Amino acid sequence: MDIKVLGSSSKGNCYIVSDGTTKLLLDCGMPIRRILSGIDFKVGSVAGCLVTHSHGDHVKSAHELMFRGIPVYASAGCIRAANLAGAVPVESMKMFTVGTFRVLPFDTQHDAPEPLGFLLKSTVTDEKLLYFTDSYYLKYRFTGITHILCEANYDPEILRRRVESGEVPRMLADRVISSHMSIDHLEDFLRACDLSRLRKIWLCHLSDGNSNAAEFRKRIQRLTGVEVEVC
């Protein structure tokens, strides 16, 4: 399983995943030129794009991708909210296939219509990638995961201190807490999952001011015992 990060922040999110046979985009919240450059302008090499939700930093270039013949997969709520006429509607817990990937969408917790995460299994390599972002909590537990690309947005203690100092408005902090994954909640989630096959974790969508990349990496590596990369 190969993962390439094109962008991972509130300014734009997009990742390329490949099992050596099928290449997919995970979200497309970057300018189309940046995405095309990331795939070496080989549009025909991409079998589809999986979109988690309708916010611009995840769906920005969906129309341009469809115009170029790349199918976009998203929930019905996301399609309506982002006006993605022509996108392929998918439903939580209903598996579908794109190339050599079997994809299971699952519902997440975010302030957008019908947000999703995705579990991808390669029929070529038998590897499983779990991808989720922009969700303060996950109600599902997973087994047999080999790779995880997940949000670790903020540290509650850092956020609390910044609210108390007046750097962050309370209203903004409340929105972060109710729509994004904290490092503490991520650790709780990982403890509840079967990580016996896990090889690598990518931590994505870190907050610029409310996170500590080095500390997050250290904590998750200590917990899981696998390689951890901060996007």
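**View 1. Strand S9 pairs with S10 in this predicted model.** Here S9 meets strand S10 (residues 128–132) in the antiparallel sense, with four bridges between the two. To find your bearings, look for Phe118, whose bridge partner in S10 is Tyr131. Five residues lie between S9 and S10 in the hairpin they form. In that turn, Asp126 has a positive phi of about 65°.

**View 2. S9 and its pairing with strand S8.** Strand S8 (residues 101–107) pairs with S9 over seven bridges, in the antiparallel sense. A handy landmark is Asp107, which stands opposite Leu116 in S9. S9 itself spans residues 116–122, and six of its seven residues are buried, so the strand is largely enclosed by the rest of the structure.

**View 3. Strand S2 is covered on both faces.** Now we move to residues 12–18, which make up S2; seven of its seven residues are buried. On one side you will find Gly12, Cys14, Ile16 and Ser18, while Asn13, Tyr15 and Val17 sit on the other.

**View 4. S1 and S2 run antiparallel.** Seven bridges join strand S1 (residues 2–9) to S2.

**View 5. S2 and S3 form a hairpin.** Strand S3 (residues 23–26) pairs with S2 over four bridges, in the antiparallel sense. Follow Ile16 across to Leu25, its bridge partner in S3. Between the two strands are four residues, and Gly20 in the turn has a positive phi of about 95°.

Conventions:
Residues are numbered from 1 along each chain as its sequence is written. This is a predicted model: local features need pLDDT of at least 70, side-chain atom pairs count only at pLDDT 80 or more; totals for chains, interfaces and linings use all residues. Side-chain values use heavy atoms; hydrogens and water are left out. Buried means under 20% relative accessible area, exposed over 50%, partly exposed in between (1.4 Å probe, protein chains only). Two strands pair if DSSP finds at least two bridges between them.
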